[in-house]
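Subject: Structure for your study

Dear colleague,

Please find below the structure that I promised to pass on to you. My notes on what was found in it follow directly after.

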Amino acid sequence: MTLERFGTVPAPRTLGEYVQTVTAIATKLSKVVAWRGQVDVSWGVHSGAARRVMQQRWIEPRPDYIGGVLRRAGMDDSEFEELDEIWRKAEQPAAVKRQLRDYEASLLDQARAAGHDNEPNGHRLGDFELFGLLQHHGAATPLVDVSRNAMIGLWFAAETLPETTGLVMAVADAGVVPAQSTIESANWHEVRDRLPQGKALWWVPRRISSRMAAQEAAFVTTPFWDQPWGSLDLPGTIMWKSESSPGDQPSVAFIAIAPELKAALHEAGRLGVTAYDGTTIYPDLPGFARYNGAGMDITMPRVR
């Protein structure tokens, strides 16, 4: 299947084909350490923080004096508007990167000012721990949720939108730098700024929630990097034409999740072939409440 964002990707339609596909990808990449599922293939792969900043369209304006010079040189309105649009597109990635850094620092400051970094036992959360806590509760942070289990990645790709093609992303072991044991007390930007280009930081907190345990979860993060498929600084199987080819060993691969495969996974859960559903993936109280909300289907236990 050929996708606008992700290029030509495999599109398994059965659970058996999916297992064959992820095995082939893991073999090609030597080892996969992270799987991420998204229910809609039209979405790019971004952190919540990147999505939030990009939605604001915080693009720094073209200096007014440049416009004056161009008009005096005889540029008409249509040419000026075309050039102005080119300027904005060229400036956008750099502007987003700057604004994202400011947003990350501001989010940490605001969370600390509200006292969210103080635990009842007196422990004060470091930058990474605080971002992890905020991510757990739904804030837009620079962390990207992933699972170490390809089947859980598939579950997230099939969670909703049954008629829409979803996506699973695989991240190779060679594409990540494992976090050191002292990272939870480290300065966020100092750690991220030391990452080699083309590498993601891979972090599993020492203290994990029941939700993270159930999802076999981890976090990845990179500086903002403009790509056709998202904003992680990882060489994928598709890159902008102006950049070098990812070669034979990209760090990221993609799988299209057809509606038929989404249905097959849910049917497997209904039959007891897998144990993946909303209550097992989200075993904590917020998850229980979410899957028993007014808009959710009712599943009554069988009484014998």
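Of the 304 residues in the protein chain, 44% are buried. The model is a predicted one, and every value in this message was computed from it. The chain exposes about 16600 Å², of which carbon and sulfur atoms supply 53%. Its secondary structure consists of 11 helices and nine strands.

In soluble globular proteins, nonpolar side chains tend to be buried together. In this model the largest nonpolar core has 26 residues, and Leu 100, Tyr 103, Phe 128 and Phe 131 have the most contacts inside it. Two or more residues each are given to this core by helix 2 (48-56), helix 4 (77-113), helix 5, helix 7 (188-193), strand 7 (200-203) and strand 8 (217-221). Helix 4 provides the largest share, six residues. Leu 100 is in contact with Ala 49, Ala 50, Val 53 and Phe 224, leaving aside its neighbours within four places in sequence. Apart from this core lies another, of 24 residues, which includes Tyr 18, Leu 154, Ala 170 and Ile 255.

How many of the residues of helix 5 are buried? Eight of its 10 residues are, and the helix is thus described as mostly covered. The buried residues are Asp 127, Phe 128, Glu 129, Leu 130, Phe 131, Gly 132, Leu 134 and Gln 135. Just after the helix, Gly 138 takes a positive phi of about 100°.

Phe 131, which lies in helix 5, has a relative accessible area of 0% and is therefore buried. Not counting residues up to four places away in sequence, Phe 131 touches Glu 104, Leu 107, Leu 108, Thr 141, Pro 142, Leu 143 and Trp 188. Phe 131 and Ala 111 are 20 residues apart in sequence, while their C-alpha atoms are 9.3 Å apart in space.

Leu 143 sits in the loop between helix 5 (127-136) and strand 4 (144-147). Is Leu 143 buried or exposed? Its relative accessibility is 2%, so Leu 143 counts as buried, the cut-off for a buried residue being under 20%. Leaving aside its neighbours within four places in sequence, Leu 143 is in contact with Ser 47, Phe 131, Gly 132, Gln 135, Trp 188, Trp 203, Phe 219, Val 220 and Thr 221. One of these, Gly 132, is 11 residues from Leu 143 in sequence and 7.5 Å from it in space, C-alpha to C-alpha.

Two helices that cross

Two packed helices are described by the angle between their axes and the distance between the axes. The axes of helix 6 (residues 150-158) and helix 9 (residues 259-270) come within 9 Å and cross at roughly 115°. Helix 6 is therefore roughly perpendicular to helix 9. The crossing is left-handed. Helix 6 contributes Met 151, Leu 154, Trp 155, Ala 157 and Ala 158 to the contact, and helix 9 contributes Leu 261, Lys 262, Leu 265 and His 266.

Three further loop residues

Val 41 lies in the loop between strand 3 and helix 2. Its relative accessibility is 16%, so Val 41 counts as buried. Not counting residues up to four places away in sequence, Val 41 touches Leu 3, Arg 5, Phe 6, Thr 165, Gly 166 and Leu 167. Val 41 and Thr 164 are 123 residues apart in sequence, and 7.9 Å separates them in space, C-alpha to C-alpha.

Ser 30 is placed in the loop between helix 1 (15-28) and strand 3 (32-38). Its phi is near 75°, a positive value in a residue other than glycine. With 63% relative accessibility, Ser 30 counts as exposed.

Glu 216 is found in the loop between helix 8 (210-214) and strand 8. Although Glu 216 is not a glycine, it has a positive phi of about 45°. Its relative accessible area is 32%, so Glu 216 is partly exposed.

Yours sincerely,

A colleague

Notes: Residues numbered from 1 in each chain as written. Predicted model: local features only at pLDDT ≥ 70, side-chain atom pairs only at ≥ 80, totals over all residues. Heavy atoms only, no water. Helix = DSSP H or I, 4+ residues; strand = E, 2+ residues; numbered from the N terminus. Buried < 20%, exposed > 50% of the residue type's maximum accessible area, 1.4 Å probe, protein only. Contact = heavy atoms within 4.5 Å. Core = buried A, V, L, I, M, F, W, Y, C linked by side-chain atoms within 4.5 Å. Areas by Shrake-Rupley, 256 points an atom, 1.4 Å probe, with all protein chains shown as cover. Axes fitted to C-alpha atoms, helices over the stretch in contact; angles between N-to-C directions. Parallel < 35°, antiparallel > 145°, perpendicular 65-115°, else oblique. Left-handed = near helix turned anticlockwise from the far one by under 90°.
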